Amino acid sequence: MPEGIEVEYYKQTALQALNRKIESIEIIDHAYLSDTYSPADLRDLLIENCFIDAERIGKLLILSISNDYKLGLRFGMTGRLLVDGRSAIKVLEYSSSKDNPRWDRIFIKFQDGGSLSIRDPRRLGSVQINPNLDTLGTDLYEITARSLSEVLKHSTRPIKARLMDQSKIAGLGNLLTDEILWRSSIDPRRQSNALSRNDMRRLARHASQTISELTQLGGSHMGNLQNHRVLGGLCPKDGVPLNRYKIGGRTTYSCPKHQK
Ligand SMILES: [Zn+2]
C-alpha cells in the first residue's frame, strides 16, 4: 500500500501538474467523494483553475488550488497518482500488477491536453476539499527521539499499533513499521510505555535510517524483512522462523529470537 514514502514520490509526480489550467474532470467516482459535496462542487472548485503547490503530510497529498482552496488526496490500499499517464510507481505491494485505465477514480484534464488521475483498483482512496490537517501527527520524515518519546510514553498499546496511529505519527504503514521494529530489535507487541531510553534512541535512529534508505531504494517494500514476510519465512538476521500474527488488524512479522 502507499505509505508515506510512496506518497512522497506522488508529491514529486504532482509537481509536474502545477500551473496548468484545468479544463474538465472526466471521471469522478462517487466512492471517492465524501457525503458533504458532489461532483458538481468538485467541478466548480477546479475547472478554469490551476494547482499551484503540492505538499505531503504522512500519507496525505495536498494540492493547493489557485482559488486558495486545497484538495487532499488519499490513496487507500492501492491508489497511484498519474500525471500525463505516468506514475512514479509501477506496481504497488498488495495491488494488482495489471495497469487498467478502468481503475481511474478521478481524472482531471488540463487545457494543454495532459492529465492528473488516481488509479485505484480497490477504490479505498478519497479526495477531500480543505482536509483537516489537525488530525495528523508528526510526519514520518521528521521523527526524532523526542517526538517518539512523546508519542510512546503515555500509551499502553502495542508499540506497532501506536507507531501506525496516523494521529500520532503520520505516514508509517504496515511494511515500514515491521521493518523498523525488526531493525530495532523490538517486539511489535511490546507495550509502548515500557521502552527504555536506550530502546527509544535505537528506535528513533532506525526509523530515520530506514525511511531515508527505503526512500532511496524505491519504496516501503524494499526493506530487508520484505522477502521473508511469507508463511514459514525465516529471520534474515539469525535464521529462526518468524512469528506471524495480527496487530490492529494488520498482518505482522517479527523474530522471536532477536526482537524483545
Ligand atoms: Zn532474528
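**A walk from the zinc site to the domain interface**

In sequence, the donor residues of the zinc ion follow the spacing C-x2-D-x16-C-x2-H. Donors here are N, O and S atoms within 2.8 Å of the metal (3.2 Å for Na, K and Ca), and water is not among the atoms, so sites may look incomplete. This is a predicted model, in which local features need pLDDT of at least 70 and side-chain atom pairs count only at pLDDT 80 or more, while totals for chains, interfaces and linings use all residues. Residues are numbered from 1 along each chain as its sequence is written, and side-chain values use heavy atoms, with hydrogens and water left out.

Let us stay with the metal for a moment. The zinc ion is coordinated by Cys235 (SG), Asp238 (OD), Asp238 (OD), Cys255 (SG) and His258 (ND1), at 2.1 to 2.5 Å. Cys235 lies in the loop between helix H6 (197-217) and strand S11 (243-247), and Cys255 in the segment after strand S12 (250-254), so this pair, 20 residues apart, links distant parts of the chain. Helices (H or I, at least four residues) and strands (E, at least two) are DSSP runs, numbered from the N terminus. Both Cys235 and Cys255 are buried, where buried means under 20% relative accessible area, exposed over 50%, and partly exposed in between (1.4 Å probe, protein chains only).

Now step back to the domains. The domain assignment, whose bounds come from an automatic or database source, gives domain 1 (4-133) and domain 2 (137-254). Their centres, taken over C-alpha atoms, are 28 Å apart. Where they meet, 12 residues of domain 1 are in contact (heavy atoms within 4.5 Å) with 22 residues of domain 2.

What joins domain 1 and domain 2 by charge? The count between them is 1 salt bridge, a term for a side-chain nitrogen of Lys or Arg within 4 Å of a carboxyl oxygen of Asp or Glu. The side chains of Arg56 and Asp139 meet in a salt bridge at 2.7 Å, N to O. On the side of domain 1 that touches domain 2, the elements giving two or more residues are helix H1 (4-14) and strand S2 (51-57). H1 provides the largest share of that side, 5 residues.

One last stop is Ser155, in the loop between helix H3 (145-152) and helix H4 (159-163). Is Ser155 buried or exposed? Ser155 counts as buried because its relative accessibility is 4%. Not counting residues up to four places away in sequence, Ser155 touches Arg162, Gln191, Ser192 and Asn193.
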